[in-house]
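Please open the structure in the viewer and keep the selection panel at hand. The stops below follow one another in order.

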Amino acid sequence: MQIRVLDVNQKPIFTSGFIGDKNINEGDTLRIKVKAEDPDSTFPKLGLQINPSGTKNYTFVDSGNGAGVFTFASGFKQAGTYFILFNTVDAVYPKDSTFFFPIIRIIVFNVNRAPEISPIGNKSVTEGETLAVTITAVDTFDNTIPTLAAVNLPKNSSFVNNGNGTGKFSFKP
């Protein structure tokens with residue numbers, strides 16, 4: 001009697017352990033390393049899906065040896081929730097042996113940023129005359145009107161907040 005044992009393909013599995021949900025602030029960079037092995041001794045291919053589709057500022061590099069790195073450099077207008085689904089595909093039997101890792105949720109928190117003051121440039125004034133300079137500030141974060149103030153003003157000077165994102169600095173040396 002002759003017994004013949006046929007090889008059955010085994011699906012690749014992730015070996016990097018549990019990767020839970022991640023929280024970051026706008027402007028931060030998140031890196032997630034993943035590793036997978038194929039019990040049949042081949043190197044699986046790694047990939048991912050990210051939602052919402054159209055998400056920017058991310059990369060995924062499959063090193064070709066069962067390891068990969070996902071990098072997400074969130075921008076300052078990317079607050080929200082993102083979902084990543086890592087997958088590994090058997091290099092020999094790609095159609096029937098894809099294994100999906102649990103979905104990872106990334107929450108990007110909104111970060112308030114300081115208002116921006118428009119460039120002023122150098123100014124000069126003749127002694128005894130008055131220098132008047134309008135200062136303008138914009139809050140690009142939430143489009144509110146910033147309140148302007150000045151501290152440590154020189155003698156014979158003043159600053160008035162106009163209440164509309166501008167202020168007037170006056171100086172009479």
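A search of the whole structure, a predicted model, finds six aromatic pairs (ring centres of Phe, Tyr or Trp, the last by its six-membered ring, within 6.5 Å; planes under 30 degrees apart are stacked, over 60 edge-to-face, the rest tilted). Select F169 and F171: this pair is stacked, with 6.4 Å centre to centre and 25 degrees between the planes. F169 is buried at 19% relative accessibility (buried is under 20% relative accessible area, exposed over 50%, partly exposed in between, with a 1.4 Å probe and protein chains only). Next, select Y58, F60, F70, F72, Y82 and F86, which form one aromatic cluster.

Residues are numbered from 1 along each chain as its sequence is written. Local features need pLDDT of at least 70 and side-chain atom pairs pLDDT 80 or more, while totals for chains, interfaces and linings use all residues; side-chain values use heavy atoms, without hydrogens and water.

Turn now to the salt bridges, of which the structure holds two (a side-chain nitrogen of Lys or Arg within 4 Å of a carboxyl oxygen of Asp or Glu). Select D21 and R105, whose closest N and O atoms are 3.3 Å apart. D21 lies in the loop between strand 1 and strand 2, and R105 in strand 9, 84 residues apart (strands are DSSP runs of E, at least two residues, numbered from the N terminus). D21 is partly exposed at 44%, as is R105 at 35%. Then select R113 and E26, with closest N and O atoms 3.5 Å apart; E26 is buried, at 5% relative accessibility.

Methods:
Helices (H or I, at least four residues) and strands (E, at least two) are DSSP runs, numbered from the N terminus.
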